[in-house]
Amino acid sequence: MASVLKTVYTSHTGMSKNITRKRRILPWIVAFLTLVLVIISKTAYSAGETDFRQGMTHYKNRQFDQALPCLEKAANAGNTDAQAMMGVLYFRGNGVKQNDSEAARWFEKAARAGNPDAQTFMGVMNLEGRGVPKNERQALVWFEKAARAGETNAQNYLATAYMKGQGTTPDTAKAIYWYTRAAKAGDANAQKILGALYLNGHDGVTKDTAKARQWLRKAADQGDTDAEQLLRQIP
């Protein structure tokens, strides 16, 4: 299935001020806006398919009161994408009263059923302490489950955790491994981070202008303005 999240926590020591500013605004707003667009594009062949599709049509049209019963019916039938969307409804307060705890309950239900998108969200909820007690170690567990399933946003978060030592011992080699997996899968954010790391150097990362240019160009070609600015720093 397509990934849910498209933007992740990106700032690291030694990166540009532009990337640092991005870090402060992107993790939640863009992530949840992007979630809806990706889920709409999915083709569901599971329990509650009809109700899920109908609910997403209402959601896309901002008819939240009509989307809620459809998505809830599909979620209760076991449709994990609908369960993830129920989490979004409660997290954003769309058609329901905003409730982080209820959002986490739905995300966890889908995550435990193996939905990589929901696993990523549960990682973020644990990382931020939203609806559940803050627990960086548990966040790492969820991120790794989703990352191994190919969810590129989880791969980004997992790499960041290893880079910063969130819930684990810092390990630059593992961070580079997961950023590279996401970058090779076409994730612009991971491409930008790799480019910045190779451009500036980091503990365990040797400066490499050729690699920096390669990854930053890929991110810039996808419209990442930070990557474009970093490219201008390369002679």
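I started with a handedness check: α5 and α6 cross in a left-handed way. My convention for that: left-handed if the near helix is turned anticlockwise from the far one by less than a right angle, right-handed if clockwise. I am working on a predicted model, where local features need pLDDT of at least 70, side-chain atom pairs count only at pLDDT 80 or more, and totals for chains, interfaces and linings use all residues. I number residues from 1 along each chain as its sequence is written, and side-chain values use heavy atoms, with hydrogens and water left out.

**Entry: α5 and α6**

I looked up the geometry of this pair. Helix α5 covers residues 80-92 and helix α6 residues 100-112; their axes come within 7 Å and cross at roughly 165°. Axes here are lines fitted to C-alpha atoms, for helices over the stretch in contact, with angles from 0 to 180 degrees between N-to-C directions. Helices are DSSP runs (H or I, at least four residues), as are strands (E, at least two), numbered from the N terminus. So α5 and α6 are roughly antiparallel to each other (under 35 degrees is roughly parallel, over 145 roughly antiparallel, 65 to 115 roughly perpendicular, the rest oblique).

Which residues of α5 meet α6? I listed Thr-80, Gln-83, Ala-84, Met-86, Gly-87, Val-88, Tyr-90 and Phe-91 on the α5 side, and Asp-100, Glu-102, Ala-103, Trp-106, Phe-107, Lys-109 and Ala-110 on the α6 side. Contact means heavy atoms within 4.5 Å. By class, the α5 contact with α6 has 9 nonpolar, 3 polar and 3 charged residues (nonpolar: Ala, Val, Leu, Ile, Met, Phe, Trp, Tyr, Cys and Pro; charged: Asp, Glu, Lys and Arg; polar: the others, Gly among them).

**Entry: α11 and α12**

Next I went to helix α11 (residues 188-200) and helix α12 (residues 209-221), whose axes come within 7 Å and cross at roughly 155°. That makes α11 roughly antiparallel to α12. The crossing of α11 and α12 is left-handed. I noted the α11 side of the contact as Ala-188, Gln-191, Lys-192, Leu-194, Gly-195, Ala-196, Tyr-198 and Leu-199, facing Lys-211, Ala-212, Trp-215, Leu-216, Lys-218 and Ala-219 in α12. The contact of α11 with α12 divides into 9 nonpolar, 2 polar and 3 charged residues.

**Entry: single residues**

Gly-123 sits in helix α7 (residues 116-128). Buried or exposed? Gly-123 counts as buried, because its relative accessibility is 0% (buried is under 20% relative accessible area, exposed over 50%, partly exposed in between; 1.4 Å probe, protein chains only). Neighbours within four places in sequence aside, Gly-123 is in contact with Ala-139, Trp-142 and Phe-143.

Phe-52 belongs to helix α3 (residues 49-60) and counts as buried at 2% relative accessibility. Its C-alpha is 7.9 Å from that of Asp-81, 29 residues apart along the chain.

Arg-62 is in the loop between α3 and α4 (64-76). I flagged its phi, near 60°, a positive value in a residue other than glycine. At 62% relative accessibility, Arg-62 counts as exposed.

**Entry: whole chain**

I count 13 helices and 0 strands. Buried residues make up 54% of the 235 residues. Among contacts between residues at least 6 apart in sequence, 53% join residues at least 24 apart.
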